[in-house]
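Please read the numbered points beside the model.

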Amino acid sequence: MPSDRSLLTHFSTLEDPRCAIKQRHRLNDMIAIAITGVLCGADGWVQIAEFGRAKQAWLERFLELPNGIPAHDTFGRVFSLIDPQVFETCFRDWVATLREILPGEVIAIDGKTLRRSHDRGKGLGALHLVSAWAADNRLVLGQIATEAKSNEITAIPKLLDLLLIQGCIVTIDAMGCQTKIAAQIIDQGADYVLALKGNQSTLATEVEEAFIDADAREYVGLDSQFLETVEQGHGRRETRRYRTLGDLSGVSRSAGWTALNMIGMVESEREIHGVTSRETRYYIANTGNDVSVFARAVRAHWGVENELHWSLDVAFNEDASRVRDPDARENLAVMRRVALTRLKHDDTKLGIQSKRLKAAWNEAYLEKLLFEAPKSTAQSSTSKSSNIRKT
């Protein structure tokens with residue numbers, strides 16, 4: 001029997017948006033086939049329908065299927081009628097059963113464009129999703145869809161409204177470095193670490209100059225901490241130098257930011273097969289001057305690219321998706337995140353692509369993914385603080 005934390009339970013409450021006389025296939029059956037198909041490697045409606053036909057005998061063990069397996073265009077049509085916000089709510093309800101509330105956990109807010117989801121003939125831009133990634137839980141907590149990266153400024157507050165972030169640290173790249181967003185994070189009981197770039201040019205210049213002045217004084221007498229980390233392997237060596245500064249006397253614009261009490265700098269030096277590149281990034285935060293907290297937050301935010309975006313592109317072929325209906329493409333994106341979350345919360349020692357293949361080949365394993373409660377993969381948010389030098 002499915003547990004309360006199983007996948008299909010949380011999508012069974014959706015209301016059917018179709019006219020009653022056109023309901024040849026049960027909505028719950030179609031959702032179950034689609035989610036199961038995506039788990040097993042299907043990346044679009046044609047593949048989902050083919051999966052259903054190949055697995056019809058097995059599916060009939062727990063679905064009614066009064067008229068067999070729907071055609072691929074039926075899947076496309078029905079998922080274009082389902083309200084993406086309602087579908088997303090079902091996803092968030094399921095995720096809430098998996099999440100372990102961890103004080104100090106990093107919640108990374110980041111955007112991703114599905115590059116081939118546009119339809120120039122109809123004036124439809126590519127789908128851009130702004131997601132919230134819980135780093136220690138390895139979960140997508142929620143997402144908001146927009147049609148352009150520039151719309152992230154309006155999407156981020158809406159996404160934050162949907163989330164329980166009290167006691168967490170919210171990290172956002174430069175697009176979301178806005179005074180109102182910082183204030184909202186504080187109002188919701190969380191802390192923030194925000195990247196600085198040209199969209200806050202005056203503030204960015206002041207922060208950079210503050211570090212130049214502090215460096216010229218060798219940080220003597222200043223409230224500052226330093227941490228250096230080195231990672232190497234496969235012909236690559238990466239050194240990161242994290243520096244915090246609690247003296248904001250030279251940053252006049254800091255007064256306009258709620259609770260801001262620290263500025264941070266990260267110098268990255270990457271050497272790959274003898275070729276060296278360097279980059280410096282600046283941040284504002286209200287997390288205090290503990291450099292280990294700052295370093296963990298910054299590092300966790302960078303990790304969302306590998307843990308979420310890279311997995312979606314490589315294991316789920318998301319960037320190549322040609323589903324173009326505005327609602328259907330968003331609902332399919334939710335199902336990919338459902339599948340990714342479930343596979344990440346399975347303890348089988350395989351990569352995501354291999355788990356999808358195993359689910360397609362091994363019905364016992366597929367039933368485990370669908371009907372058993374996922375195991376927690378939450379990791380301690382406590383960060384090692386070795387190599388810290390206070391000045």
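1. Phe 316 counts as buried because its relative accessibility is 1%; buried means under 20% relative accessible area, exposed over 50% and partly exposed in between, with a 1.4 Å probe and protein chains only. This is a predicted model, in which local features need pLDDT of at least 70, side-chain atom pairs count only at pLDDT 80 or more, and totals for chains, interfaces and linings use all residues. Residues are numbered from 1 along each chain as its sequence is written, and side-chain values use heavy atoms, with hydrogens and water left out.

2. Phe 316 lies in helix H9, residues 291-316. Helices (H or I, at least four residues) and strands (E, at least two) are DSSP runs, numbered from the N terminus. The protein has 12 helices and 10 strands.

3. Which residues does Phe 316 touch, leaving aside those up to four places away in sequence? They are Val 38, Asp 43, Ser 311, Arg 336, Ala 339, Leu 340, Leu 343, Ile 352 and Arg 356, where contact means heavy atoms within 4.5 Å. Between Phe 316 and Gln 353, 37 residues apart in sequence, the C-alpha to C-alpha distance is 7.9 Å.

4. Across the protein, 66% of the contacts with a separation of 6 or more join residues 24 or more positions apart. Of its 391 residues, 53% count as buried.

5. Along the principal axes, the C-alpha atoms of the protein fill a box of roughly 75 × 40 × 40 Å.
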